[in-house]
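This report concerns the contacts within and between two protein chains. The sequence and the structure are shown first.

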There are 2 protein chains.
Amino acid sequence: MTPQELAMLSKRHRAPGPRGASRAPAARRGTPRFIYTFGAGKADGQARMKELLGGKGANLAEMTNLGVPVPPGLTITTAVCRTFYDLGRKWPQGLEAELSQKMRWLEAVAGKGFGDPVNPLLVSVRSGAAQSMPGMMDTILNLGLTDATVKGLIAKTDNPRFAYDAYRRFIQMYSDVVLEIPRKRFEDELMMARARAKAATDAELSAGALQALVERFTRLVREQKGVEFPQDPMEQLRGAVNAVFNSWNNERAIIYRRLNNISGAGGTAVNVQAMVFGNMGDTSSTGVCFTRDPSTGQDVFYGEYLVNAQGEDVVAGIRTPKPVAELKKEFPKVYQQLYGIGKRLEKYFKDVQDLEFTVEEGTLYMLQARTGKRTARAAVTIATDFVTEGSISREQALTRINAAQIDQLLHPTIDPKAKPKVIAKGLPASPGAAVGQVTFTAHEAVALSTEKSQRVILVREETSPEDIEGMNAAQGILTARGGMTSHAAVVGRGMGKCCVVGCSEITVREEEHHFTAGGLTVKAGDFITLNGTTGEVILGEVPLVEPSLTGSFRQLLAWADKARRLGVRANADTPKDAKVARDFGAEGIGLCRTEHMFFGDERLPVVREMIMAKDTAARKHALAKLLPFQKQDFKEILAAMESLPVTIRLLDPPLHEFLPTALEDQERVAKQLRVSLRELQDTVNSLHEFNPMLGHRGCRLGLTYPEINEMQAQAIFEATCELVRDGVEAMPEVMIPLVGHPAEFRAAKAVITRVAQETMQRTRTKVEYLVGTMIEVPRAAAAAEEIAREAEFFSFGTNDLTQMTFGFSRDDIGKFLPHYLREHILSDDPFVKLDRDGVGTFMRMAVERGRKARKTIKLGICGEHGGEPSSIEFCHQLGLHYVSCSPYRVPVARLAAAQAALKDKRR
Amino acid sequence: MTPQELAMLSKRHRAPGPRGASRAPAARRGTPRFIYTFGAGKADGQARMKELLGGKGANLAEMTNLGVPVPPGLTITTAVCRTFYDLGRKWPQGLEAELSQKMRWLEAVAGKGFGDPVNPLLVSVRSGAAQSMPGMMDTILNLGLTDATVKGLIAKTDNPRFAYDAYRRFIQMYSDVVLEIPRKRFEDELMMARARAKAATDAELSAGALQALVERFTRLVREQKGVEFPQDPMEQLRGAVNAVFNSWNNERAIIYRRLNNISGAGGTAVNVQAMVFGNMGDTSSTGVCFTRDPSTGQDVFYGEYLVNAQGEDVVAGIRTPKPVAELKKEFPKVYQQLYGIGKRLEKYFKDVQDLEFTVEEGTLYMLQARTGKRTARAAVTIATDFVTEGSISREQALTRINAAQIDQLLHPTIDPKAKPKVIAKGLPASPGAAVGQVTFTAHEAVALSTEKSQRVILVREETSPEDIEGMNAAQGILTARGGMTSHAAVVGRGMGKCCVVGCSEITVREEEHHFTAGGLTVKAGDFITLNGTTGEVILGEVPLVEPSLTGSFRQLLAWADKARRLGVRANADTPKDAKVARDFGAEGIGLCRTEHMFFGDERLPVVREMIMAKDTAARKHALAKLLPFQKQDFKEILAAMESLPVTIRLLDPPLHEFLPTALEDQERVAKQLRVSLRELQDTVNSLHEFNPMLGHRGCRLGLTYPEINEMQAQAIFEATCELVRDGVEAMPEVMIPLVGHPAEFRAAKAVITRVAQETMQRTRTKVEYLVGTMIEVPRAAAAAEEIAREAEFFSFGTNDLTQMTFGFSRDDIGKFLPHYLREHILSDDPFVKLDRDGVGTFMRMAVERGRKARKTIKLGICGEHGGEPSSIEFCHQLGLHYVSCSPYRVPVARLAAAQAALKDKRR
């Protein structure tokens with residue numbers, strides 16, 4: 001090492017502050033300090049030294065300083081790692097000496113000897129960079145075990161099986177990461193050992209078998225490397241430290257850093273920490289606990305423990321752990337200490353703590369303290385309680401909740417105590433859980449649920465608009481095809497109905513009345529359970545937990561409403577949905593899809609008559625029959641949303657969606673419409689499109705058949721005028737879909753304005769209304785300035801905008817999107833989380849250009865993204881006026897909007 | 001009129017200059033001049049006074065001043081029209097007096113009297129704004145005819161039938177546009193007259209019948225308006241002038257101005273011009289002529305005439321006109337005068353003139369002189385001849401040719417002398433003409449053309465990639481479905497093969513071996529002729545004219561090459577196409593679609609094996625068999641384009657395009673691949689997509705199956721290395737399709753670069769190559785900066801970019817695009833003419849962002865727009881480096897690129 005290098009290293013070391021430097025021998029000699037210690041109530045480092053000590057090292061130091069009894073240990077700094085690389089993977093001079101010294105300190109503090117055959121000090125060695133990096137080295141446990149020290153461990157634990165198992169695991173791990181012997185060699189040996197012992201699992205291997213295995217492992221090391229497995233603990237330690245340093249630049253870690261944009265000086269620290277054992281007899285134990293109930297949020301100390309056991313025993317579930325309340329009786333002092341630490345940490349970190357602890361011969365050690373994971377329900381309770389207790393502010397409470405997670409509170413969930421048999425996994429399209437008997441047709445779903453009051457799950461290859469009634473009747477929907485914004489997914493979410501889509505692991509044989517998943521066949525009538533939050537398909541009936549809207553939750557949302565700037569509306573197509581939305585706090589309807597009104601039993605035949613019409617007159621005749629239905633729907637929705645705006649989108653889907661495709665349906669419908677089958681099929685064929693997504697739909701329909709727009713406008717304005725006349729404040733906003741060119745908007749608007757004027761004159765009523773457009777075609781973003789000259793509002797239809805911006809058909813992405821996500825080509829499904837770089841660029845363009853022409857233009861979003869927190873944050877940044885999402889997402893959106901505003905404020 | 005108004009009017013009038021003012025009586029009195037005169041060799045106005053006199057009036061003035069004998073007349077200025085509106089549709093004071101005076105001048109010059117029953121002066125009244133506006137009033141002819149003057153006309157022409165026909169037409173027209181009596185009333189009378197006379201057409205009505213009709217017409221006017229049809233010529237004139245003024249603000253005219261962005265002060269002039277008659281006996285005649293042959297461009301005086309006839313007689317084709325050479329013998333003086341005028345105008349306007357003339361009793365009058373329309377062949381010859389003659393510059397010659405039109409020179413065309421029987425009209429997808437016998441399957445097309453040497457036309461509902469061999473074998477292709485960029489259209493243009501698509505007027509019944517058009521049934525084996533330039537489908541064999549590449553044409557293109565800045569490449573997939581492209585002057589290949597190589601007889605089964613592969617190993621096995629084919633193709637193409645760049649696009653279409661859809665084909669293919677039918681169908685089903693355009697294609701294929709990219713890269717680099725080793729300068733540019741996200745590009749490029757390195761090492765050859773991407777997904781424009789960090793070139797795939805920018809599926813637009821064009825929602829088909837406002841916005845974004853990251857990035861376009869002149873101009877403006885189009889469009893692109901550069905230079 002050159003003097004310059006030393007000087008540089010020294011500078012780096014000094015930077016974080018020389019706290020405790022006087023105690024370090026190396027520092028005393030004026031050379032940089034390589035190693036920081038923690039233990040016996042004091043630590044050289046502290047939490048804010050993350051860059052130097054790594055996240056783990058800094059945290060251990062902090063805990064120690066807080067007086068938490070942490071097993072003592074050393075942290076070799078990240079600066080050493082950088083020097084290691086600067087020197088061509090060599091240790092800086094003095095490191096070896098300092099490591100020996102500090103290990104002697106550790107022996108003293110732990111009261112054990114490193115390599116001592118009677119009372120051996122064993123250590124764990126862990127990597128730990130400034131930022132957590134799963135790509136780096138795994139933990140090596142029980143380093144220090146040798147043929148000699150294993151004897152001491154047996155004596156101390158009185159458990160030879162445990163000791164040999166620990167030893168063989170240590171050799172296995174060490175050989176893999178330090179000696180780089182292919183893992184498979186050891187696994188093969190293990191397999192043979194099981195075969196010899198006729199054991200099905202490793203757990204069935206006896207102490208003797210494990211001891212023999214240790215011998216085979218050491219022989220394997222000899223054969224592979226030509227050397228003995230190191231029996232000198234310091235040699236083991238040096239090897240492990242090198243392995244940690246090397247792991248900083250292994251391929252996984254490099255990729256991880258690239259993908260997560262981790263740059264900077266870097267390097268990893270190495271944490272060497274004394275092992276403690278909860279299985280050293282009846283005064284030893286191990287356990288996990290939470291400072292509050294993670295499931296309900298109640299302020300009760302919660303957890304479980306096992307006497308004379310290791311952490312793995314708690315997890316493995318072979319012995320039944322006792323509730324932590326028992327600890328109070330069995331070891332009152334330990335309990336008091338543990339409780340005190342927990343509460344102290346909770347206060348310090350201002351959040352519920354998840355603690356791992358081990359009691360070694362009566363001494364309590366905290367192995368880990370981290371923020372406790374919790375259910376949504378608990379999160380809400382805890383956050384509001386913390387506010388009440390005065391430890392955090394309302395704003396902190398708001399930012400602490402995972403907005404996406406609270407969706408759970410609005411849907412039934414699977415009882416966490418259940419042990420479900422998952423038979424397949426699809427995309428979690430609409431959250432919640434549902435139980436029911438499998439059925440394969442919408443027709444049957446309706447029949448079984450209405451006539452026989454059965455709970456059914458509608459299972460289909462894919463759904464189409466014809467299935468709507470069946471979807472409505474079912475408890476949940478499962479499809480084998482389609483993405484997160486496929487028909488089933490969108491409709492399911494809109495209905496707040498549990499839905500799993502694109503489950504390619506199942507093969508649906510509708511005609512044979514069954515589906516298969518793996519080798520399993522599930523027949524019509526069999527019970528299944530769906531978990532729409534995870535995408536799991538579960539065989540049989542699993543108990544569900546019903547949602548509850550607690551007072552804390554309402555409180556939290558009230559705070560959110562004060563904090564947010566974005567309005568929150570709902571996408572709702574029926575008066576029922578509108579009411580649900582309003583109850584959930586929606587401040588209007590951002591998207592009312594009129595076509596969903598075309599599917600009722602009385603209406604569909606008329607819609608079909610309209611489509612089959614040979615000329616404008618015949619089409620108008622059919623449309624006139626639809627008018628009263630549409631008008632009544634609008635009246636009810638507008639009334640349900642009295643004094644709040646309702647954005648009504650004109651007919652959008654291609655007409656072929658209203659015609660049947662199956663031969664038997666066609667025969668039935670032809671008869672109904674009194675046309676020949678050939679005629680009906682000719683119409684179906686003539687409406688066929690290669691790419692319906694890019695076809696004859698949206699405003700293109702209303703422009704080619706202006707009579708459709710006329711009828712819809714008439715329904716809207718007659719409904720509005722009648723309501724207003726009756727004293728109901730109805731506020732329609734007419735939305736023209738799929739506009740790409742200003743001339744499209746102008747032409748469609750002209751019809752609407754004319755009908756509005758005529759209707760107001762005829763009814764002698766004056767009503768307020770807006771006419772605007774969806775921005776869902778990329779071209780609309782480019783033409784936004786000219787469109788905004790005429791349009792009074794823009795609503796971003798980000799589903800379609802995402803489809804066209806990426807060139808991804810949402811119904812077909814199943815073929816490559818999973819691969820893209822797996823390979824990190826995309827970090828997120830853009831149909832779930834708004835793509836800020838691409839789709840967002842065009843949204844920003846539309847906002848800027850639109851405002852240029854009309855400063856006060858009203859801006860919203862009605863795509864599915866309107867209910868997703870990250871996307872809502874982006875909408876806030878863009879300065880939109882509102883987001884609109886499915887009624888059941890409204891609370892999520894209210895919270896996410898508040899979080900976005902608070903984040904903005906902090907900047 | 002207030003003094004202020006008069007002052008304003010006066011100012012406006014003085015502006016254009018007071019030339020000839022001294023002769024105008026009104027001006028003499030110090031009031032503004034309302035009317036300009038032309039005739040007797042002198043005119044008040046001139047060509048540059050278009051704003052005041054309108055285009056027509058200014059032109060008539062200019063011709064008069066040039067000494068061309070134009071029938072004398074008056075022009076009431078556009079300023080008068082504006083004042084007319086300022087005054088609430090009233091005449092300014094003094095106009096009436098000035099009109100009377102000028103009419104007396106006209107009488108004097110014409111030697112006839114307005115209202116004179118013996119020698120009547122008849123006039124035409126025409127509107128004429130500064131910019132030509134078809135929305136305004138039609139011409140009123142023979143104004144001045146009354147019950148009295150019609151007698152004079154009879155005496156002069158000795159043709160009572162003509163005189164009464166002229167009179168009844170005058171009444172009809174005048175009543176329509178001036179008196180605003182519904183046109184239909186007169187048509188009904190005419191119909192009844194025909195019925196009474198048992199005449200099939202108006203031409204069969206006798207003089208007596210027409211005289212009776214005049215009486216009925218005047219009675220009709222009396223009934224409708226309660227007044228007599230005006231018998232005072234001055235009253236007729238005042239009415240006509242008002243009608244012209246009013247027509248400026250009729251709905252058609254307003255829409256026309258809005259659509260064509262005509263703004264400014266405006267107003268229309270009114271031209272009142274003496275009528276002359278070529279049917280006043282044997283010293284009268286009428287004719288049309290061109291100063292050069294409009295069909296060949298040869299410098300010969302060309303035209304035809306009829307003695308004692310009216311212009312309509314020439315057009316009607318009842319009498320056979322004589323060639324203008326006869327005129328030289330019959331009336332040598334008139335001929336000399338006409339020839340002299342023609343040549344003088346040609347010199348003056350520096351272009352071939354199309355002249356209409358009438359000789360009235362020995363006196364020659366020029367009724368119209370305009371730039372002569374010509375065939376593409378003539379245009380080229382004339383332009384180069386004019387340069388040789390020194391009357392225009394090379395640059396002028398280049399700008400004068402309609403670039404789109406010269407496409408004609410590269411394809412057979414229908415003999416202009418033929419009288420084809422058009423039975424249907426589709427979209428003109430690929431120009432030229434083709435004759436052949438109808439066949440409905442690709443298979444039969446191949447069989448008939450190769451085995452029986454028959455010329456065939458392939459008629460299909462739509463084509464698919466499976467039809468390629470048949471399309472290649474056919475003379476032309478006709479489809480009932482699809483747009484200008486449907487499969488048939490794109491492939492047809494690529495092959496330079498005549499193609500009519502989207503012909504919805506025909507119903508194809510492939511299984512019944514016929515198609516119908518209107519009531520007509522065309523069976524397999526019947527001859528039809530296609531006109532790919534107009535979209536016409538013609539029954540029977542029509543004679544064709546073969547194209548010729550004249551010396552003038554080559555000369556012109558050589559000049560174009562000097563003038564242009566844009567490079568011109570070709571889209572070519574085969575060595576044959578590559579050679580054609582190079583012969584046409586292509587400077588490289590901008591798009592070589594590798595998938596077209598997958599369709600050969602030997603290859604398709606292997607491609608299908610690859611698709612059916614159950615795992616990567618099996619897929620690699622099949623790909624290995626494809627490798628030699630691909631490599632050989634690339635070798636030949638790269639060799640054909642030696643020393644020029646060849647952009648090779650990796651596999652793009654969705655895999656399902658390679659599998660058969662018809663059951664019988666599936667059965668055959670399943671047998672061939674030795675798989676069960678069910679297995680094949682399962683694959684077809686699993687590959688099915690709802691919107692294949694937005695599906696699993698483009699780079700998504702090569703990313704999910706990297707082995708496909710590997711094989712293609714290997715084929716490219718082995719071909720290149722072998723050529724380079726043999727001294728052939730091969731320049732591949734590897735193009736990754738459908739990239740939307742930088743990570744897609746990075747991942748695909750990594751494979752290509754690796755294979756390139758490996759291949760170069762293995763073959764010990766160093767070759768130059770580029771890796772770039774198509775910009776065809778809107779997102780790519782947004783992400784262009786980051787993509788350009790890795791991509792060495794961008795090539796705009798404007799077909800797909802247009803689809804996704806508009807959200808238009810090119811295969812489905814037939815359902816609404818015709819309506820959009822008809823209703824002026826879109827001014828052009830965006831798949832034909834690049835949409836500058838929308839698609840162009842994203843192109844500009846990509847160019848700017850791409851250059852930010854890589855200043856020297858190579859930029860081109862390979863969408864169909866690359867061969868369309870307006871789009872080429874836009875590419876020039878964007879600063880692209882090259883356009884790439886089908887081989888047969890290369891000359892068009894060379895010329896259009898030159899025109900764009902010249903236009904740029906003039907700015």
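**Interface between the chains**

The structure is a predicted model. Chain B contributes 49 residues to the contact and chain A contributes 50 residues. Between them, an area of about 4700 Å² is buried, and carbon and sulfur atoms give 56% of that area. The interface holds 2 salt bridges between chain B and chain A.

**Salt bridges**

Over all chains, the whole structure contains 122 salt bridges.

| Asp407(A) | Arg889(A) | 2.9 Å |

In chain A, the side chains of Arg889(A) and Asp407(A) form a salt bridge at 2.9 Å, N to O. Arg889(A) is in the loop between strand 32 (882-885) and helix 35 (890-906) of chain A, while Asp407(A) is in the loop between helix 16 (394-400) and strand 12 (413-414) of chain A, so this pair ties together parts that are 482 residues apart in sequence. Both partners lie below the 20% cut-off for burial: Arg889(A) has a relative accessible area of 17%, and Asp407(A) has one of 4%.

Glu707(B) and Arg619(B) are both buried. Elsewhere, salt bridges with shared partners connect Asp165(A), Arg168(A), Arg169(A), Arg194(A) and Asp202(A) in one network.

**A helix pair in chain B**

Two packed helices are described by the angle and the distance between their axes. Helix 22 (residues 604-612) of chain B packs against helix 24 (residues 663-673) of chain B at an angle of about 80°, and their axes are 10 Å apart. Helix 22 of chain B is therefore roughly perpendicular to helix 24 of chain B, because angles of 65 to 115 degrees count as such. From helix 22 of chain B, Pro605(B), Arg608(B), Glu609(B) and Met612(B) take part in the contact, meeting Val669(B), Gln672(B) and Leu673(B) of helix 24 of chain B. By class, the residues of this contact comprise 4 nonpolar, 1 polar and 2 charged.

**Two buried strand residues in chain A**

Ile140(A) belongs to strand 5 (residues 140-143) of chain A. With a relative accessibility of 0%, Ile140(A) is buried. Beyond four places in sequence, its contacts include Val123(A), Val125(A), Phe170(A), Met173(A), Tyr174(A) and Ala240(A). Ile140(A) and Tyr174(A) are 34 residues apart along the chain, yet their C-alpha atoms are separated by 6.8 Å.

Arg649(A) is part of strand 27 (residues 645-649) of chain A. This arginine, Arg649(A), is also buried, at 7% relative accessibility.

Notes:
Residues numbered from 1 in each chain as written. Chains lettered and ligands numbered in written order. Predicted model: local features only at pLDDT ≥ 70, side-chain atom pairs only at ≥ 80, totals over all residues. Heavy atoms only, no water. Axes fitted to C-alpha atoms, helices over the stretch in contact; angles between N-to-C directions. Helix = DSSP H or I, 4+ residues; strand = E, 2+ residues; numbered from the N terminus. Parallel < 35°, antiparallel > 145°, perpendicular 65-115°, else oblique. Contact = heavy atoms within 4.5 Å. Nonpolar A, V, L, I, M, F, W, Y, C, P; charged D, E, K, R; others polar. Buried < 20%, exposed > 50% of the residue type's maximum accessible area, 1.4 Å probe, protein only. Buried area = accessible area lost by both parts, 1.4 Å probe. Salt bridge = Lys/Arg side-chain N within 4 Å of Asp/Glu carboxyl O.
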